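Have a look at the picture, then read on.

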Amino acid sequence: MTAINSIAVDAFSTSAEGQNHSDTALLQVRGLSHHYSLPRTRLLGPRPRLAALHGVDFDLQAGRSLGVVGESGSGKSTLARLVMALDTPSAGSVRLLGRDLHRLPAAALRAARRDFQMVFQDPYASLDPRQRVGRIVAEPLQTLGATRQQQHERAAQALAEVGLRAGDAHKYPHEFSGGQRQRIAIARALVSRPRLIVADEPVSALDVSVQAQVLNLLQDLQQQHGMSLLLISHDLAVVSHLCDEVLVLYQGRVVERGTPGQLFSSPRHPYTQALVQAAPRLL
Amino acid sequence: MPVLEVSRLTIALPTARGMVQAVHDLDLTLARGQTLGIIGESGCGKSLTALALMGLLPDGARASGSIRLCGQELIGLDDAALCHLRGNRMAMVFQEPMTTLNPVHSIGRQVAEPLRLHQGLSARQARAQAVALLERVGIAGAGARLDAYPHQFSGGQRQRICIAMALACGPELLIADEPTTALDVTLQRQILQLLAGLVAEQGMALVLISHDLGVIAEHVQHTLVMYGGTVVEAGPTQAVFARLAHPYTQGLLAARPHLGGTRGAHARLPTIAGSVPELAQLPPGCPFAGRCPHTEDACHAALPRAVELGGGHTARCIRLQDAP
């Protein structure tokens, strides 16, 4: 228990800076743009550029959830990768707890990563098939200098929080169903007690009945731990169920934002209107 | 004569634990111009049913019962005879257009292939026909794009090309297995409307497989709900969604977050307890017993018979059996 407390104290010290900024948002994204260079079309010609994201601004307050919807190619996943500091933006900044993630030195960024974690779409691809679940879940703690004993305890705790048994830590990912694997991925994201979870299409690979279980889990965890959630999805129903606010991305720009209620009862941008109309309805 | 008549179709699959029954006693009938949807979660046997209809079951799998296409029995037919039917009188559209299309052949060649193979058209005739087909499925400027390769098209266009290929020989039966799962919501509706339009125009029979209740509810006349290899509820789509006779159908519908639903933004979704059972570990009675909130001892004893609820609507649940 003392071991767990000591990690918790560490966690507090890294987020201390965030406490001073309690009046500002947990995550501040300003003027975020990103372009990809495409292969040359002529031998000596310039490389054409594809603007994937164009001047995106938003704030996410602590404990709130923000949904991002858009079609494929709209820049949703690029946004997630930039917020997670997996790519460097062409312009703009991402500030988490007051720190500009893209200007942090590598070591400081690695240490800061405990505050923001990601859940990926496909739990069949995001878990290493050769590692036991306990090790997969504890991996974020390794870079933070936790002892083996602490890693075990925290992994067991995280597994319990997502509704898996402690004995599951000794199994391999292939022994679990899709929904259980997504729970493992969520446990891995939780283990470092992050302030922000970025989930990129977390339920689109899951069956309907399992999807509901995972959505409820995300919602419970968010409420219990006061985490913020950035949820990326193509499914309006999922976003409107889970999020306080929604951004609609279209061709790399935010074309509309608002609460799910506003957006879906009276969509203003033609693309949002098309999205709302296209959502299948039951009889 | 119905286009498709399936009775007592049972499919056994080889697994590490011996042969398991992946589909159990499936019956369905489909006339010209009719559309049928199959809903279920992964592992319920919906895709295997589609593969069995096409004679494309994996090695070692055994189908028994009867599948009749316009009166011709397909089970036990040899490969050569099946090859003659596939792509000709019955065709299939798969989930992933990028893996269905061959990346090293131009789309013109791929759409023309069934025409040359089954109808013996010359290269020139087949090419002309391919242009007409691609235009029908909404590929703009098809004549100029015939020599383009699949990677030069977007996801939605590729799925349209796959549909053009499937339609080439004017099949009597079209099977679409999750045709829009890999596509955006805005494209989904366009593709489903295209399929519906083609069915109406050519009088094909359509089997649409999906895990998405919304897709099924909006686009087909008849619905089968499958769970654990068994059809637990079947009937006209309107009746199935109005009555939701089987607890599994009720659970599926309730678990789905819906847009602008009546519940508050932060209410919990009702879930179905547990997870989909492994085929090898299916309970002996009702496959849904154990996960079902109304499970009684009798549920574990034997598979409930399909109870007729009127108007061709049937469901397998002992609670309905008791009702007068």
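Before counting anything, a word on terms: helices (H or I, at least four residues) and strands (E, at least two) are DSSP runs, numbered from the N terminus. With that in hand, chain B turns out to have 12 helices and 12 strands. Keep in mind that this is a predicted model.

**The two chains overall**

How compact is chain B? Its radius of gyration is 21 Å, close to the 20 Å that the globule rule gives for 324 residues, so chain B is as compact as a globular protein of that length. Chain A has 10 helices and 10 strands. For chain A the radius of gyration is 19 Å, close to the 19 Å from the globule rule for 283 residues, so chain A too is as compact as a globular protein of its length.

Here are the spans of the C-alpha atoms along the principal axes.

| Chain | Span along the principal axes |
|---|---|
| Chain A | roughly 55 × 50 × 45 Å |
| Chain B | about 65 × 50 × 40 Å |

**Where the chains touch**

Now for the meeting place of the two chains. The contact takes 30 residues from chain A and 34 residues from chain B. On the chain A side, the elements that give two or more residues are H7, helix H8 (236–242), helix H9 (260–265) and helix H10 (270–278). Which of them gives the most? That would be H7(A), with 8 residues. Sorted by class, the side of chain A that touches chain B has 16 nonpolar, 11 polar and 3 charged residues.

**A helix pair in chain A**

H7(A) also has a partner inside its own chain. The axes of helix H6 (residues 178–190) and helix H7 (residues 208–225) of chain A come within 9 Å and cross at roughly 15°. Angles under 35 degrees count as roughly parallel, and that makes H6(A) roughly parallel to H7(A). The crossing of H6(A) with H7(A) is right-handed. From H6(A), the contact is made by A:Gly178, A:Gly179, A:Gln182, A:Arg183, A:Ile186 and A:Leu190. H7(A) brings A:Val210, A:Gln213, A:Val214, A:Leu217 and A:Leu221 to the contact. By class, that comes to 6 nonpolar, 4 polar and 1 charged residues.

**A helix pair in chain B**

Chain B has a helix pair to look at as well. Here the axes of helix H4 (residues 107–119) and helix H7 (residues 155–167) of chain B come within 7 Å and cross at roughly 25°. H4(B) and H7(B) are therefore roughly parallel to each other. In this pair, B:Ile107, B:Gln110, B:Val111 and B:Pro114 of H4(B) meet B:Ile161, B:Ala164 and B:Met165 of H7(B). The contact of H4(B) with H7(B) has 6 nonpolar, 1 polar and no charged residues.

**A sheet in chain B, with a helix across it**

Last stop: a sheet. In chain B, 4 strands form an open sheet in the order E2-E1-E4-E5, with antiparallel pairing. Strand E2 (18–30) and strand E5 (72–73) of chain B stand at the edges, each with a single partner strand, so one side of each has no neighbour in the sheet. Strand E1 (residues 4–15) and strand E4 (residues 62–69) of chain B pair in the antiparallel sense over 7 bridges. Finally, helix H1 (residues 46–54) of chain B lies across E1, E2 and E4 of chain B, and runs at about 70° to E2(B).

Terms used. Residues numbered from 1 in each chain as written. Chains lettered and ligands numbered in written order. Predicted model: local features only at pLDDT ≥ 70, side-chain atom pairs only at ≥ 80, totals over all residues. Axes fitted to C-alpha atoms, helices over the stretch in contact; angles between N-to-C directions. Parallel < 35°, antiparallel > 145°, perpendicular 65-115°, else oblique. Left-handed = near helix turned anticlockwise from the far one by under 90°. Contact = placed C-beta atoms within 7 Å. Nonpolar A, V, L, I, M, F, W, Y, C, P; charged D, E, K, R; others polar. Pairing = 2+ DSSP bridges. Rg over C-alpha atoms; globule rule 2.2 N^0.38 Å.
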